[in-house]
Amino acid sequence: MRTIAIIAAKEIQEGLRNRWVLATTLLLAALALSLTFLGSAPTGNVGAGALDVVVVSLSSLTIFLLPLIALLISHDAVVGEMERGTMILLLSYPVGRGQVILGKFVGHVLILAFATVIGYGAAGLALMLTGVSSLAASWYAFGAMLGSSVMLGAVFVAIGYLISSLVRDRGTAAGLSIGVWLMMVLVFDMALLGILVVDQGRIISGPILNALLFLNPTDLYRLTNLTGFNVSQFSGMAGLAGSTNPGLWPLLLGLGVWIAVPLGLSMLSFARREL
Amino acid sequence: MTATVTVSHVEKRYRAVRALRDVSFELLPGRLSALVGHNGAGKTTLIKLMLGLIRAEHGDIRVLGEDPAAGEFSARRLLGYLPENVAFNAALTGRETLAFYARLKQIAPATAWPLLERVGLAPAADRKVGTYSKGMRQRLGLAQALLGRPRVLLLDEPTTGLDPALRQTFYEILDELRDDGATVLISSHALNELEDRAEHVLIMNRGVLAAQGTMSELRKISQLPIRVAIELADSGPVPDWMNGPHDPAAPGHVLLVADDAQKMMLLRTAADDPRVRNIEIAAPTLDELYAHFLNLQEPAA
């Protein structure tokens with residue numbers, strides 16, 4: 001435990017020192033604030049709470065951005081340290097290889113959580129200060145969005161480690177990470193959509209579609225945030241939410257599995273690796 | 001005295017390459033051992049095995065009573081390691097880096113500051129490691145290896161990149177640790193540096209332990225001759241007692257004697273002869289022994 005905390009603290013210290021934390025937080029805050037003010041303008045005084053719109057636009061942004069940031073900081077966690085030669089020294093210390101991965105994971109996820117909560121929180125705070133009144137349910141949705149965003153980040157940090165512990169050099173890790181990002185964020189949904197159009201509901205029924213969506217963590221995230229009662233009407237997901245709604249807890253559990261499995265596999269692969 | 005490091009019948013392969021073949025040795029506490037050999041002779045592989053970074057196909061390795069590859073690592077708190085090309089994260093300062101490693105060994109970071117002083121890094125301790133020269137990184141590497149009074153020190157090419165002054169302090173520190181009962185293993189190419197310091201020499205060649213022992217044991221095994229250079233006062237005829245085997249390549253009179261007994265006999269005779277102006281004796285150096293054991297193996301390999 002102590003060792004994991006020491007390694008996590010060092011990751012955070014490094015993140016602060018090389019401005020990763022600052023850059024990520026500023027980027028997320030800037031995007032969140034601009035979406036908040038530009039995005040709520042068209043709603044005018046229609047009944048919808050502006051916060052709901054913010055939740056929709058921020059979560060659409062998160063789906064693209066957070067996986068990319070997470071992969072950027074995680075893809076060379078193992079292979080990069082091996083190439084630089086710092087891993088050999090670290091492993092000569094009383095440190096288990098699993099502890100190295102877990103420590104880095106805790107550190108990287110905390111960095112992401114900090115950036116997300118501060119960056120997006122700035123948007124929420126700005127809304128509050130401008131006196132927009134929102135329902136408690138909207139704040140609940142906003143909170144759930146923050147929490148699930150951090151989880152989505154954690155999923156891709158774990159996937160980044162898995163890539164990093166499998167490949168031989170950093171270039172391969174970077175290329176694979178971009179591939180995974182494209183696959184999960186863009187290609188998967190388009191392919192799924194294409195299949196649905198061709199299939200016309202003959203083979204793929206509601207439950208099968210549900211199962212297919214669990215194959216992609218970004219879809220789990222999308223379902224978590226865009227199908228809430230207040231939100232779905234703006235997100236264009238109302239139709240999907242109507243036909244498939246596994247409920248919040250199964251979705252979060254799905255994200256949890258998407259964190260645990262790649263993380264476990266990366267620990268396994270790193271433990272067997274010869275340096 | 002029980003051995004702190006035991007390596008017995010170890011084999012290691014990297015695909016088709018047999019990196020280590022049936023290597024066995026013991027390292028004792030309070031002794032400085034030198035591991036010498038070409039690049040690719042298996043020195044670094046041996047050290048990695050002792051650290052548990054890789055696993056051997058056959059054989060058994062014990063470091064402070066534990067199998068280093070078995071995932072037990074309490075022994076590593078008492079182990080210091082300096083890798084061949086030591087690297088640190090460039091974003092942190094020297095002090096922060098040392099504090100991190102101290103915490104991993106469960107030592108209070110403040111107790112590590114004297115080490116920075118010791119390796120001459122105190123003035124640069126609060127600068128980022130990224131700004132350090134190679135010699136300074138090496139000093140920091142040495143400081144981290146010395147954290148927590150290690151009982152076993154494994155040093156891979158430790159003096160490359162060190163200036164002569166620091167080299168001196170480096171060996172002073174090692175002598176202290178050795179006198180304190182630590183096991184020190186240095187892998188190096190700098191044979192002349194190790195010659196006077198190593199109590200125990202391990203010569204590696206192509207994955208095989210070609211020879212091991214103290215310098216005098218190695219000299220005995222190698223049967224390399226002792227060279228006795230004799231300077232005569234005048235250029236008259238060479239006296240009869242100097243008729244033994246000569247080194248034809250060396251200038252002047254260089255006699256070759258097989259062992260210490262013969263050497264003493266020669267010296268007594270030479271000292272009695274008034275024509276002898278000076279006598280210089282050179283026992284085989286580590287360099288020569290190394291070359292000898294390598295050549296010896298060539299036909300067999």
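Q: How many salt bridges does the rule find across the interface of chain B and chain A?
A: Keep in mind that this is a predicted model. One pair to look at is Arg17(A) with Glu96(B), whose closest N and O atoms are 2.7 Å apart. For the interface of chain B and chain A, the count is 2 salt bridges.

Q: Which helix of chain B gives the most to the side that touches chain A?
A: Several elements of chain B each supply at least two residues to this side, including strand 1 (5-14), helix 1 (43-51) and helix 2 (94-104). With 5 residues, the one that gives the most is helix 2.

Q: How much area do chain B and chain A bury between them?
A: The contact draws on 31 residues from chain B and 27 residues from chain A. On the chain B side, Leu53(B), Phe100(B) and Leu104(B) supply 24% of the area that chain B buries here, more than any other three residues. Carbon and sulfur atoms carry 61% of the total, which is about 2700 Å².

Q: Is Val167(A) buried or exposed?
A: Let's turn to a loop of chain A: Val167(A) sits between helix 7 (136-166) and helix 8 (170-199). Beyond its neighbours within four places in sequence, Val167(A) is in contact with Val79(A), Thr172(A), Ala173(A), Leu176(A) and Arg273(A). Its relative accessibility is 8%, and the cut-off is under 20%. Because of that 8% value, Val167(A) counts as buried.

Terms used:
Residues are numbered from 1 along each chain as its sequence is written. Chains are lettered from A and ligands numbered from 1 in the order in which they are written. This is a predicted model: local features need pLDDT of at least 70, side-chain atom pairs count only at pLDDT 80 or more; totals for chains, interfaces and linings use all residues. Side-chain values use heavy atoms; hydrogens and water are left out. Helices (H or I, at least four residues) and strands (E, at least two) are DSSP runs, numbered from the N terminus. Buried means under 20% relative accessible area, exposed over 50%, partly exposed in between (1.4 Å probe, protein chains only). Contact means heavy atoms within 4.5 Å. Buried area is the accessible area (1.4 Å probe) that two parts lose on being put together, summed over both. A salt bridge is a side-chain nitrogen of Lys or Arg within 4 Å of a carboxyl oxygen of Asp or Glu.
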